[in-house]
Amino acid sequence: LPDFYFCIIGGTQREADRYRGMAVRLGARNVKLTGRVPHRKIPEWLAAADVLLLMWTWQVSTIRICSPMKLFEYMAAGRHIVGPAFPTVCEVLEDGKDAILFEPDNVKAMIEALRKAQSLLNDPTLPLAARRKVAAGYTWTARCRRILDSLPESFT
């Protein structure tokens, strides 16, 4: 995708160096790997993006049960979200309503989803829907309320 510019945030310096080397060998000049950045800086990176790509695969051992924090950060950022349609993701996001989802581990589908997001950059409908959804139901207060509400009365 030579018309995209990818910023990959996170990972150890060793991982960033390894992937940077791979990008050089492949001739991919549109990739920036930062390595780990302080968490307080993440909102700045998210705000600078046009599209936020979730990169999980079936190889992630907890993908069937996780509640990925990154997903909620992406929703709050108010940017287009592209991600794999894992069950845990689909519990939160809806394809075409607040995100663009694709079949997990399908590179062709991911590229199509990125292209679709690119075509929608001037349409704020999906990012605004995701931001509204996270603000309405996925704040720390809302999470704590759901946990407390699920406990037996004798416990609370």
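Visitor: By class, what does the lining of the largest pocket have?

Guide: Keep in mind that this is a predicted model. The largest pocket has a volume of about 1,800 Å³, and 45 residues line it. Split by class, that lining has six charged residues, five polar ones and 34 nonpolar ones.

Visitor: Which residues are the closest to the centre of the largest pocket?

Guide: Several elements give two or more residues to this lining, among them strand S1 (6–9) and strand S3 (51–53). The closest residues to the pocket centre are Phe 6, Cys 7, Ile 8, Leu 53 and Met 55.

Visitor: And which element gives the largest share of that lining?

Guide: Helices H1 (13–26), H2 (42–48), H3 (69–77) and H5 (107–119) each give two or more residues, and so does strand S2 (31–35). The largest share is six residues, and the helix they come from is H1.

Visitor: How is the aromatic pair of Phe 4 and Phe 6 arranged, stacked or edge-to-face?

Guide: A pair of aromatic rings is described by the distance of the centres and the angle of the planes. For Phe 4 and Phe 6, the centres are 5.8 Å apart and the planes make 15 degrees. Planes under 30 degrees apart count as one class, so this pair is stacked.

Visitor: Are Phe 4 and Phe 6 buried or partly exposed?

Guide: The cut-off for buried is under 20% relative accessible area. Phe 4 has 13%, so this residue counts as buried. Phe 6 has 23%, so the class for Phe 6 is partly exposed.

Visitor: How many residues apart are Trp 58 and Phe 86?

Guide: Trp 58 sits in the loop between S3 and H3, and at 37% relative accessibility it counts as partly exposed. Phe 86 sits in the loop between strand S4 (80–84) and helix H4 (87–90), and at 0% it counts as buried. The pair links distant parts of the chain, and the separation is 28 residues.

Visitor: Which ring does Arg 18 lie over?

Guide: Here we have a charge over the face of a ring. Arg 18 is 4.9 Å from the ring centre, and the cut-off is within 6 Å. The ring belongs to Tyr 19.

Visitor: How many residues of S4 are buried?

Guide: Look at both sides of S4: His 80, Val 82 and Pro 84 point one way, Ile 81 and Gly 83 the other way, and all are buried. That leaves the strand mostly covered, and the buried count is five of five.

Visitor: What is the bridge partner of Val 51 in S4?

Guide: S3 and S4 pair in the parallel sense, over three bridges. For Val 51, the partner in S4 is His 80.

Visitor: How far apart in space are Lys 97 and Thr 125?

Guide: Lys 97 has its place in the loop between H4 and strand S5 (100–102), and with a relative accessible area of 51% it is exposed. In sequence, Lys 97 and Thr 125 are 28 residues apart. In space, C-alpha to C-alpha, the distance is 8.0 Å.

Note on methods. Residues numbered from 1 in each chain as written. Predicted model: local features only at pLDDT ≥ 70, side-chain atom pairs only at ≥ 80, totals over all residues. Heavy atoms only, no water. 1 Å grid on protein atoms, 1.4 Å probe; cavity = no way out; pocket = protein on both sides within 12 Å on 5 of 7 lines; lining within 4 Å. Points joined across faces, edges and corners; volume = space filled by probe spheres on them. Helix = DSSP H or I, 4+ residues; strand = E, 2+ residues; numbered from the N terminus. Nonpolar A, V, L, I, M, F, W, Y, C, P; charged D, E, K, R; others polar. Phe/Tyr/Trp six-rings, centres within 6.5 Å; stacked < 30°, edge-to-face > 60°. Buried < 20%, exposed > 50% of the residue type's maximum accessible area, 1.4 Å probe, protein only. Lys NZ or Arg CZ within 6 Å of the ring centre and 35° of its normal. Pairing = 2+ DSSP bridges.
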